Amino acid sequence: MSTPRHDLVHSTPVEWTVRMLTLASSLALGLLLLVTFAGVVMRYFFNAPILGSNEIIELVSVAVVMLAMPGAAQRQMHIRVDVFDGLIGAFGRFAGDIVARGLSIYLLTLLGWRAWGKLTDAAEYGDVTNMLSIPLWPFYGLLVLGAALYAIVLAIQLVDILRSGVASSE
């Protein structure tokens, strides 16, 4: 049995925020599966496809991914390739963790900033999907939220790594 972690990234506020986002992502995934299943049944058994089901699936996919990313980062459930860990040693892993998180924070901040611009434009001009006229700005908002919270989790991990002086994989 693993011992509970007590670093900043597993603090109570971060843990609860990540849990709520993961729950929302799970609900969005359930909706995605339900719409996909209903679309297949309606199309192939009743020859009556659901109008706009592709739009729903595309937009809900944004929610699934962007709401799950902070939780995956917090629990370090992302794909990690450790081919060179033995060659670069503990200091190399430590430096690599710092560089990787720093670059990721920068890129996520850039993504969030650009998505914020798209959100304001979509809200101002009333951008909607073609078939169902679903407003697009909330989905840009999910993109901003997911990128920002992912960057925050990575920043907290960066602080934890710098405080401990140990790479996160150890």
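How many residues does α4 have, and how far does α4 reach from its first C-alpha to its last? Helix α4 has 28 residues and reaches 40 Å, close to the 40 Å expected at 1.5 Å a residue. The expected span is 1.5 Å times one less than the number of residues. Helices are DSSP runs of H or I with at least four residues, numbered from the N terminus. Just after α4, Gly 165 takes a positive phi of about 75 degrees.

The model is predicted: local features need pLDDT of at least 70, side-chain atom pairs count only at pLDDT 80 or more, and totals for chains, interfaces and linings use all residues. Residues are numbered from 1 along each chain as its sequence is written, and side-chain values use heavy atoms, with hydrogens and water left out.

Helix α2 has 22 residues. Its reach from first C-alpha to last is 32 Å, close to the 32 Å expected. A kink of about 30 degrees lies at Ala 68, shortly before Pro 70. This bend is the angle between axes fitted to the seven residues ending there and the seven starting there. Gln 76 follows α2 and has a positive phi, near 50 degrees.

Two packed helices are described by the angle and the distance between their axes. The axes of α2 (residues 53-74) and α4 (residues 137-164) come within 8 Å and cross at roughly 10 degrees. Therefore α2 is roughly parallel to α4, a term for angles under 35 degrees. Axes are lines fitted to C-alpha atoms over the stretch in contact, and angles run from 0 to 180 degrees between N-to-C directions. Contact means heavy atoms within 4.5 Å. Residues of α2 that meet α4 include Leu 59, Val 62, Met 66 and Pro 70. On the α4 side, Phe 139, Leu 142, Gly 146 and Tyr 150 are among them. The contact residues divide into 16 nonpolar, three polar and no charged. Ala, Val, Leu, Ile, Met, Phe, Trp, Tyr, Cys and Pro count as nonpolar, Asp, Glu, Lys and Arg as charged, and the others, Gly among them, as polar.

The buried residues of α2 pack against α1 (12-45) and α4. Ala 63 is buried, with a relative accessible area of 9%. Buried means under 20%, exposed over 50%, and partly exposed in between (1.4 Å probe, protein chains only). Ala 63 touches Ser 25, Ala 28 and Leu 142, not counting residues up to four places away in sequence.

Asn 47 lies in the loop between α1 and α2. This residue is exposed, at 69% relative accessible area. Its phi is positive, about 50 degrees, although Asn 47 is not a glycine.

Technical notes:
Helix = DSSP H or I, 4+ residues; strand = E, 2+ residues; numbered from the N terminus. Parallel < 35°, antiparallel > 145°, perpendicular 65-115°, else oblique.
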